Amino acid sequence: MTISPTPKRAYDLNFARYVYENIDGGERLRMCMQCGACSGSCPIGKQMDHGPRKLFMMIRAGMKEAVLTSNTIWNCVSCYNCVVRCPRKVPITYILHDLAYLAVQEGYEPAKKADNARFAKAFWWSAAKYGRTDERLVTGKYYFSFGIGEGIKRGLGNQAIALNMIKTKRMHLGMPHAIKAKDELQKILAKAAEIQERHGKGA
Amino acid sequence: MEKKIGAYLCSGCGIGEALDVKALEGVVSKEFKKPVKSHECLCGEAGLAVIKADMEAGDVTLPVIGACSPRVMTDRFMLPGMTPIRANLREQVIWSHPAGDEDTQMMAEDNMRMMMTMATKVNQPVPFTEGEFSTTILVVGGGYAGLTAASEASKAGHDVLLVEKKAALGGNAAGYASIVPSKPPYHDPQPNPLPKLIEGVNATKSIRVITGATVAKTSGMPGKFEVELSDGSTHTVGAIILATGFRPYDATKLSHLGYGASPDIVTNVEMEAKLKAGKVTTKAGSSPKAVAFIQCAGSRDPNHLPYCSSVCCSVSLKQAIELTKADPETMVYVIYEEMRTPGTTEEFYRSAQEAGVIFMKGKATKVENGSGITVTVADELLQQDVPLGPLDMVVLATGMVPNSTDPDAPAQEYGAELLTADINPYPAEGDYKPEPSVPPGGPLLNLQYRQGPHLPMLADGFSDSHYICFPYETRRTGIYACGPVRRPMDMGEVHEDAMGAVLKSIQVIRNAAQGHAVHPRVGDLSYPKINLNACTKCRRCTVECPFGAIDENEKDYPVVNPTRCRRCGTCMGACPVRTISFDNYTVEMLSSMVKAVNIPDEDEEKPRILVIACENDAYPALDMAGIAKHQYSPFIRILPVRCLGSMSLLLISDALSSGYDGVILMGCKPGDDYQCHFVKGSAMAKERLSKISETLKSMQLEVERVTMVDASIADGARLPKVIDELVAKIDAVGPNPFKGF
């Protein structure tokens, strides 16, 4: 699904303007002066295709596909070093996370495959369904998102850890814990989705 | 009035504990046979009362005060009568040398000897106040700078003569739709203040506006300039403000950026005209939807203007903001190498970012005109070549060329050779040396000066001044440059600059009428007097004067224009027959001071090294060394001079023949980035010093004995080390064989 406009030539501003107006924190992005304090303070900058500084310039340059397929948006660990240091108060972490969400929505392959995306989906599934996260369900759902064979392999690989967690009562056996009023939670989530819809963002 | 010298010694601030004040008194009373008194706090009321009582009784007219540095407590020791002479016993003796030491005491005694000798040699200066002095201010140039200057000068109570070359007032600023903000919150373009200013100037009776005229000839000196205009009228004015502004760089030389290839490739000046007309349209008549600004078009480019014009970035910001305001859908790009937004224009830059202007860091390498314009940008942030287009318009941000000459007037042959490269006429190996070049056009004021019709200018064509300390000063006293002729600046800066130049003009008018010098020797009443009987017409004084103060008469004798003079004494140092002197400053006086020092015998192993220190930088730096309690060799004897340019070579040969083991000259940095308060005084000293080796050889002395050191006012920590090193070096050469002769 295509949500944001796709630029046809270099420095076509339609995608940049979409980001300014729709991405969480995007309205401050226009103030970016490309100083590079963000990329310089990023602890995992080396694991990124592009640092945040360059990614933001790519947004301006209309390089939508390169932005939404980069691993930058998935590898951010939310340490907020860059946000603290940004002289122009750009909420870089928010922007990266919301760009990741946009990439998922628009169905880019790297977004589908990204580890973080799989884990986030499993986490959300558990949280939305039970009002709590259950270690077994979240990890199970995450592992099996790679396929049945890979799921079993990963599960067995972490067997020792799981047993230790059970022993130290970090993980329990039996029915998953759930909150009492699950239907109330569903109402809250439905309301949140409605608000988000009203603010012009996709589901 | 008979000169009566009396010495006063202060024993406060630790002087009494560190020195034997009684012995110092003895130097004055026994060696100089003059009355001497000491007090524990000379700058206090009780101490001053002692001096004042003697002066009122008529026993003393010239006090010699042995206390702190002459640079402090000047207001306390401002006494009626002659300016007191101060011997520095605190900063340069007890604060920089061990207390109670024999060598420290000797240093203090020699300081007293030097200053007592000085007192016997100085005379009360008689100021130059001959004839009438005009208080009218001539403003050349009727643009924003000139109009502001005229308006401010009239507000300060001066009559103003405003001369504009064009038929109408306004200059470049008349074409501006709006201006870069100079008031908080520095967010939006401000309305052009020019129309109101013109209205005000036209309505002011004390401002006489002459349009369609230029200055044909200027002679005279501050307080009495005789100015002839191209319309034939003549005027007497006290000071001149030069506000001839700038012209935009010739865009026809920018064909590599597409200028001329399409009517939609315009300069910032042309864009401003479109904005002023109300609606920006392309040649085809539509509103532009995509516009790129190319910064540094012909600027910071060795093939065009080598310098940054400082305002083009903020002008592009302003025009970009106006374009996005007119249509928020317009895509506006600013292609820059470095965004230069000095001071508050940084806020304006943010404002443009908020408006959605896109900034691309890189260089525009190609501008092609096909269906729409395409600019290829070597994008530094993306590390790739980006074709930007199709664009509807391209704006070239061109820089400023100073109107240091009148480009419409024919160039004059005479004086052109003096325009450049005279600050550093004798560069050392590796020094930056500007190519002697003559900017096109005729002189603005056509000065009838010995040193040519032009105002000296820097290699880039801007008017030369002591940039940091005295920005409005040109190198012709009484003529003050303001606005972009001095350096590139925006309207807000021009406003301040014009006010500064007005204040400077008022200063020179008032000082000249009283025979006072203007900066940096403000209030100095002396001026050079030349004994023409001894003059050999060698012309060194007329050529070397940094300010063109000395002309030549029809018999080739030098003629001093006293109010042009800044009292540096470069002429005095230059004169080979030492026939130039000031009432209170002569070669003979300095020479006697040098000889007043006691030179110990060779076997005492106490070398004596003369430090000739510039009063403006080196001397205060030595004071600061003392304030910070940095210690240095007690074998030096410091002789303050007005400028190293006033140092005659005689001083060095006198010092060496009277037994000093070496001489250190401390002056400001010479050269293109000079720090000399008198522009080229230290360069002249350097030049003279290059000739000393022959003198030394003829005396059979080693060249190492004489050294020149660049000193800036911030060198308080460095100079003590330099002194110690040089003293060790001179000591290694061995004692001066002339000792005791």
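The legends below describe close-up views of a predicted model. Local features need pLDDT of at least 70 and side-chain atom pairs count only at pLDDT 80 or more, whereas totals for chains, interfaces and linings use all residues. Residues are numbered from 1 along each chain as its sequence is written, and chains are lettered from A in the order in which they are written.

**View 1. Helix 6 of chain B packs with helix 11 of chain B.** Helix 6 (residues 144-155) and helix 11 (residues 491-513), both DSSP runs of H or I with at least four residues, have axes 8 Å apart and an angle of about 45 degrees.

**View 2. Residues of helix 6 of chain B meet residues of helix 11 of chain B.** Among them, Y144(B), T148(B) and E152(B) belong to helix 6, while M491(B), H495(B) and D497(B) belong to helix 11; contact requires C-beta atoms, placed from the backbone, within 7 Å. By class, this contact has 10 nonpolar, 3 polar and 2 charged residues.

**View 3. Chain B touches chain A.** The contact takes 13 residues from chain B and 11 residues from chain A. The elements of chain B that give two or more residues to this side are strand 17 (331-336), helix 10 (345-354), strand 18 (358-370) and strand 20 (384-391), strands being E runs of at least two residues. The residues on the side of chain B divide into 8 nonpolar, 2 polar and 3 charged.

How values were computed:
Axes fitted to C-alpha atoms, helices over the stretch in contact; angles between N-to-C directions. Contact = placed C-beta atoms within 7 Å. Nonpolar A, V, L, I, M, F, W, Y, C, P; charged D, E, K, R; others polar.
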